[in-house]
Amino acid sequence: MKNFSIIAAADQKLGIGINNRLPWNLKADLKHFSTITIGNKNNAVIMGLNTWKSLPEKFRPLKERLNVVLSKEKLLDLPAEVLNFQSLDEALNALERKNVDNVFIIGGAMLYAAAITHPSCQTIYLTEIEGVFKCDTFFPAIPSEFKKIETGELNEENGIKFRFCVYQK
Ligand SMILES: NC(=O)c1ccc[n+]([C@@H]2O[C@H](COP(=O)([O-])OP(=O)(O)OC[C@H]3O[C@@H](n4cnc5c(N)ncnc54)[C@H](OP(=O)(O)O)[C@@H]3O)[C@@H](O)[C@H]2O)c1
């Protein structure tokens with residue numbers, strides 16, 4: 001089965017979302033997200049249906065990446081180039097047969113929870129945001145087999161401080 005990475009941004013209490021949107025507006029983090037997930041333009045991103053719906057229409061499908069949406073809904077109205085699977089394993093098996101280089105799980109909370117304990121999850125790219133925001137969705141606790149291998153320098157935007165960090169199994 002295809003190995004994959006998780007990419008997320010979370011506050012000090014692992015908050016990641018509110019009312020099906022992001023709790024903050026950090027251009028540098030969106031740029032970081034694009035750079036990592038686009039890579040050499042042969043990568044795939046897997047997201048839950050709520051995260052797909054949360055993307056502004058003009059930005060979806062996310063450009064230069066194969067977009068995969070997980071949902072058990074039967075009558076999904078997705079663009080033809082977007083793949084839809086009912087489970088993470090089904091998506092990973094299908095992506096192994098395609099010629100994609102790297103696979104990224106891009107949220108939300110429900111999918112992160114399934115992905116982080118999956119044996120094929122190797123790396124977590126986590127933007128660690130200082131402070132506590134009003135959130136209704138949370139990133140799961142990071143299992144102890146993941147070690148922090150990179151702590152980025154302190155960035156600041158709109159008075160919000162954050163670092164780009166990497167955890168690996
Ligand atoms: N800070 C960040 O990095 C970040 C990143 C992404 C999203 N977010 C935020 O997270 C929030 C959304 O999270 P969420 O937990 O509500 O939604 P989500 O995980 O995006 O979507 C949930 C839906 O996706 C499907 N799904 C998820 N995991 C699945 C799995 N393992 N197998 C099969 N289907 C699966 C199910 O669809 P069906 O019910 O149709 O079967 C489920 O109801 C928003 O606020 C968003 O802005 C934050």
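Q: Which residues of α4 are buried?
A: In this predicted model, the buried residues of α4 are Ala109, Leu111, Tyr112, Ala115 and Ile116.

Q: Where do they sit around the axis of α4?
A: On the same side of α4, because they cover an arc of only 160° around the axis.

Q: Which other peptide bond is cis?
A: The one from Arg60 to Pro61, with omega near -5°. Pro61 belongs to the loop between α2 and β4.

Q: OK, the ligand. How many residues are around it, and which come nearest?
A: There are 28 residues around the ligand, and Ala9, Thr51, Ser71, Lys72 and Met110 come nearest.

Q: What does the side chain of Ser71 do there, in terms of distance to the ligand?
A: An N or O atom in the side chain of Ser71 is 2.6 Å from an oxygen atom of the ligand.

Q: And Tyr112, from the α4 list? How far is its side chain from the ligand?
A: An N or O atom of the Tyr112 side chain lies 3.5 Å from a ligand oxygen atom. Tyr112 is also one of the buried residues of α4.

Q: Which residue has a polar backbone atom 3.2 Å from an oxygen atom of the ligand?
A: That is Arg21.

Q: Now pockets. What is the volume of the largest pocket?
A: About 1,400 Å³.

Q: How many residues line the largest pocket, and which lie nearest its centre?
A: The lining has 46 residues, and Leu22, Thr51, Ser54, Leu55 and Ile106 lie nearest the centre. Thr51 is also among the residues that come nearest the ligand.

Q: Which helices and strands supply at least two residues of that lining?
A: The helices are α1 (27–38), α2 (49–54) and α4 (109–116). The strands are β1 (4–10), β2 (15–17) and β4 (65–70).

Q: How does the lining split by class?
A: It has 23 nonpolar, 15 polar and 8 charged residues.

Q: Is Lys41 buried or exposed?
A: Exposed, because its relative accessibility is 53% and the cut-off for exposed is over 50%.

Q: What about Asn158? What is its phi, and where is it?
A: Its phi is near 50°, again positive in a residue other than glycine. Asn158 is in the loop between β10 (155–157) and β11 (160–168). Asn158 is exposed, with a relative accessible area of 60%.

Q: And Thr123, buried or exposed?
A: Thr123 is buried, because its relative accessibility is 6% and buried means under 20%. Thr123 is found in strand β7, residues 121–129.

Q: Which side chain does Thr123 contact?
A: The side chain of Gln168, through a polar contact of 3.2 Å.

Q: Last one. How far apart are Asn93 and Lys2?
A: They are 91 residues apart in sequence, and their C-alpha atoms are 6.6 Å apart in space. Asn93 lies in helix α3, residues 88–97, and counts as partly exposed at 31% relative accessibility.

How values were computed. Residues numbered from 1 in each chain as written. Predicted model: local features only at pLDDT ≥ 70, side-chain atom pairs only at ≥ 80, totals over all residues. Heavy atoms only, no water. 1 Å grid on protein atoms, 1.4 Å probe; cavity = no way out; pocket = protein on both sides within 12 Å on 5 of 7 lines; lining within 4 Å. Points joined across faces, edges and corners; volume = space filled by probe spheres on them. Helix = DSSP H or I, 4+ residues; strand = E, 2+ residues; numbered from the N terminus. Nonpolar A, V, L, I, M, F, W, Y, C, P; charged D, E, K, R; others polar. Buried < 20%, exposed > 50% of the residue type's maximum accessible area, 1.4 Å probe, protein only. Arc of directions from axis to C-beta. Near = heavy atom within 4 Å. Polar contact = N/O pair within 3.5 Å; in protein donor to acceptor, adjacent residues only side chain to side chain.
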